[in-house]
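Reader: Please take a close look at one helix pair in this model and at the core beside that pair. I would like the cut-offs stated along the way.

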Amino acid sequence: MGAFLRNLYKLDPEYAEANLQGQRLRELRQALAKRFVRALGESKLFVGKVHLCIAPSGRGDELDANSTAFLTEILAGVKTGLIHPKAIETLVNADALVAAQNLADAGSRVALVNGANRRMVGNHWFSHGARMAIDENLHRRSWRMACTAYLLNGGAEAVPRQPEDLAKAVVRLGGT
């Protein structure tokens, strides 16, 4: 949620931290976390376990606000019975890529899910910016992900894309 919420005020000044001490931004952050928990609880297809990696900083910053929102909503979902306590495990300060690899090594079927740039698979993993962003860091650390992203994106430039472009790229590369 980081950069997306952090820069929302540029599109709508209502979400500026200075406006109402950031209340609108906190409300939106909480609503996003609540929607995640509701989607998890209402899912009819999901039969596994979610391992949610969060990284609070302890400095009262954006990392703490995001972590607090998710933890609060997960707890509420468990208390109300929306999600079963065993359906989710929160991993604090865990490396998502390492956690996913450890689960796969132990025989679990794993999908690593990350909020990502809708215009580029891997976002800007090839550039100098966003050193702390998970999407870029996953692609910097995995040559397979970097190569796949490069091929699916048709290069390393962010260009406007149509909703069907990713599916077409997968077919073009021999996938289904």
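Author: An axis here is a line fitted to C-alpha atoms, for helices over the stretch in contact, with angles running from 0 to 180 degrees between N-to-C directions. Helices (H or I, at least four residues) and strands (E, at least two) are DSSP runs numbered from the N terminus. This is a predicted model, in which local features need pLDDT of at least 70, side-chain atom pairs count only at pLDDT 80 or more, and totals for chains, interfaces and linings use all residues. Residues are numbered from 1 along each chain as its sequence is written, and side-chain values use heavy atoms, with hydrogens and water left out.

Helix α2 (residues 23–42) and helix α3 (residues 62–79) have axes that come within 8 Å and cross at roughly 40 degrees. The two helices are therefore oblique to each other; angles under 35 degrees count as roughly parallel, over 145 as roughly antiparallel, 65 to 115 as roughly perpendicular and the rest as oblique. In contact (heavy atoms within 4.5 Å), R29, Q30, A33, K34, F36 and V37 of α2 meet residues of α3 including E62, A65, A69, F70 and I74.

The largest nonpolar core has 11 residues, among them A33, V37, A69, F70 and I74. Such a core is a set of buried Ala, Val, Leu, Ile, Met, Phe, Trp, Tyr and Cys residues joined through side-chain atoms within 4.5 Å, where buried means under 20% relative accessible area with a 1.4 Å probe, protein chains only. At least two residues of this core come from each of α2, β1 (50–54) and α3. Buried residues make up 24% of the 176 residues in the protein.

How values were computed
Buried < 20%, exposed > 50% of the residue type's maximum accessible area, 1.4 Å probe, protein only.
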